[in-house]
Structure formats: C-alpha cells, structure tokens
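Here's a quick briefing for anyone opening this structure for the opening look. Have the model on screen and follow along.

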Amino acid sequence: MKILFSEIFRVYKKAPIKITFIWLLDVLESLIIISDPYIIGNCIDCLLKKDFFWLVILIIINIVFWLSQTANNFFDTKIYSHIIEDESYCYYSKMIQTDADSSLISARLDLIDEIPNFLEIHFFEILNIIGGIAASLLFLYFNSTLFVFSFSIISVALIPAVTYRYQKGIVENNKQHKNLEEERMNQIAGRDKLAYKRYIQNLLKISISNSDLDTKIFFVANFLQMMLLFFSILSITNISNFTSGLLFSTVTYIEMLNGYVSDINGNLILLHDLKETTYRLKEETYDEL
C-alpha cells in the first residue's frame, strides 16, 4: 500500500489548493446529507405543533446544499481533466522510451485516470462512508433501543466479513481482465478469428463470474439489512416517546447505514484494484528506465 499512497499524494500535489477546495465542498455537502434525516424528523414533529423553526432550518441548508453542489459540479471536472491530461502525457513519454509494445501501452494508458478519479470521487466517498456510519450509529444510540443499536453494530462488522471471499474473487477477476486488455490490440492485429473468439470468451467469462459474485454479495448483505430495518421499525414503535418524526429519522438513518455498509464492499474492491493498477503502471517504467 505504500506505493499506492505515494502515488495518490503525488497526484494530489499537482493541484493541492484546488483539490482541497473541492474536498471542503464535499465535506459541507456530506454534513448536510448526514444531518438531513434528523432535521426533517424534527421538522415533521414541529409542524404538527404549528412550529416553523425546523422548517426554516431545512430551507436554509437545502439552499446551501444547492449552491455548494453547483460550485462543485462547475469546478471539479475542470480541475481533474487537467491532471489526467498531464498524467497521460507524462506516462506516454516514459513508455515510448521502453520496448513495451503498443498493445501494452494502450491498455496502461486506459488506467491512467484511476488515481485522479479516486481523488475526485472515491477518496471522499470512503471518508463519507466512515462519517455516515458513525453519524447513523450515534443517532441510533441516543434515539433508538439497545436492540436496534446492537443489531446495527453487528451488521456493520458482519456484512464485510461474510462477503470478503467474494470480494477477493472479484479482485482476482479484475486483475485477469487487465491482463487480457493488455493483449487486446495484439489480438486484433493478429487477424485470427478463432484466437479472437477465445479472447472474447475469456473476457465474458470474467464478466459473468463478477456478476455472480456481485449477486452473492447483494443477497447476503440485503438479507441482513432487511432484518435490521424490519426489526428497527417494530422496536421503535414500541418505545414510550415514539413520534412520527422519530420514526422517519430512525428509518432513514437505518437505510443510510445500510447504504454505507453496502458501499464498504465496493470500496474495498476498489482499493485492491487501485493498488494492483499502481504496481502495473510502475513495473514497466521501473524495469526499463
């Protein structure tokens, strides 16, 4: 992982102020999303009493969210497009000094945008998962029953653990897919119909295998999450201070928690893939230069 972190930091240093600015917008939007169920729940209970305080708060944070997302959408693509352009040019300049064939260079250039994309999308997504899970559990601890909170803790730990072997299978498949992609241009240039048919069949086998593994992950994760949601609703409706707003907030935070826990699997796979991609991009230039 040391090389991966080094590469991420190297790309970050290409535009640290601009990237940090985008991250600050992401933090603001994340805080609003995390707090939204709590605010809406209070808004519901207050409106039933003809109190409009939380409605005003809800309007204000939605305006802030709208402006923040507008600025985010305007700047982020411009910033990261320049980084990807520079990364692609620099990598190509290094690779043409080696004896790597065109098929390999083409496939590796397709991987160049993975680290910039990680900084643009997935880095903060991982932080968002951690913050979202923490905020959801914190709300459930103070506003739900011990049963709901305990079941939530178990689901957070159990789902990634139970699906780990399926994640490993997907990571290995993705590695094989990259190997095949590096032969793509050579297969086309060979003009051998039978060889190309076998090549396509191997690609499709990997896609089907990944689909099967994704299905298993989905089945296991969603079964546990459905149990958590159903039992939470039953548990909340039996507490003494039950209100419509509390029920809405609790159900929303449970669904938010389930969503973040489901995202753990995809991001663990992503990190393994990114690590493998980093080594793949480095090996040719390290070996030849």
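This is a predicted model: local features need pLDDT of at least 70, side-chain atom pairs count only at pLDDT 80 or more; totals for chains, interfaces and linings use all residues.

Residues are numbered from 1 along each chain as its sequence is written, and side-chain values use heavy atoms, with hydrogens and water left out.

**Salt bridges**

- The count comes to ten salt bridges, a salt bridge being a side-chain nitrogen of Lys or Arg within 4 Å of a carboxyl oxygen of Asp or Glu.
- Helices here are DSSP runs (H or I, at least four residues), numbered from the N terminus.
- Glu182 also has a salt bridge with Arg280, at 3.0 Å from N to O. Arg280 belongs to helix H10 (residues 244–288) and Glu182 to the loop between H7 and H8, so the pair ties together parts that are 98 residues apart in sequence. Both Glu182 and Arg280 are buried.
- Lys14 pairs up with Asp86 in a salt bridge whose closest N and O atoms are 2.4 Å apart. Since Lys14 is in the loop between helix H1 (2–12) and helix H2 (16–47) while Asp86 is in helix H3 (residues 53–95), the pair ties together parts that are 72 residues apart in sequence.
- Lys14 counts as partly exposed at 34% relative accessibility, and Asp86 is partly exposed too, with a relative accessible area of 31%.
- Lys14 and Asp86 also belong to a network of salt bridges that links them with Glu7, Arg10 and Glu87.

**Aromatic rings**

- The structure holds 16 aromatic pairs. Rings of Phe, Tyr and Trp (its six-membered ring) pair if their centres lie within 6.5 Å; planes under 30 degrees apart count as stacked, over 60 as edge-to-face and the rest as tilted.
- Take Phe9 and Tyr12: their ring centres are 6.2 Å apart and their planes are at 25 degrees, so the pair is stacked. Both lie in helix H1, three residues apart, about one turn of the helix.
- Phe9 is partly exposed, with a relative accessible area of 49%, whereas Tyr12 is buried, at 18%.
- Phe53 and Trp54 give you an edge-to-face pair, with 5.6 Å centre to centre and 80 degrees between the planes.
- One aromatic cluster is made up of Phe9, Tyr12, Trp23, Phe118 and Phe123.
- Over at Phe74, Lys78 lies over the face of the ring, 4.0 Å from the ring centre. A charge sits over a ring if NZ of Lys or CZ of Arg is within 6 Å of the ring centre and within 35 degrees of the ring normal.

**Helix H9**

- H9 (residues 193–236) has 44 residues and reaches 63 Å from its first C-alpha to its last. That's close to the 64 Å expected at 1.5 Å a residue, the expected span being 1.5 Å times one less than the number of residues.
- Asp192 caps the N-terminal end of H9, with a side-chain oxygen 3.1 Å from the backbone nitrogen of Leu194.

**Cysteines**

- How many disulfides are there? The count is zero, with a disulfide being a pair of cysteine sulfur atoms within 2.5 Å.
- For Cys46, the nearest cysteine sulfur is that of Cys43, 7.3 Å away. Cys46 is buried, with a relative accessible area of 15%, while Cys90 counts as partly exposed at 32%.

**Two other spots to look at**

- Lys50 has a phi near 65 degrees, a positive value in a residue other than glycine. Lys50 lies in the loop between H2 and H3 and counts as exposed at 66% relative accessibility.
- Thr278 is found in helix H10 and is buried, at 3% relative accessibility. The C-alpha atoms of Thr278 and Ile8 are separated by 9.5 Å, although the two residues are 270 residues apart along the chain.

Technical notes. Helices (H or I, at least four residues) and strands (E, at least two) are DSSP runs, numbered from the N terminus. A polar contact is a pair of N or O atoms within 3.5 Å; within protein, one must be able to donate a hydrogen and the other to accept it, and residues adjacent in sequence count only if both atoms are side-chain atoms. Buried means under 20% relative accessible area, exposed over 50%, partly exposed in between (1.4 Å probe, protein chains only).
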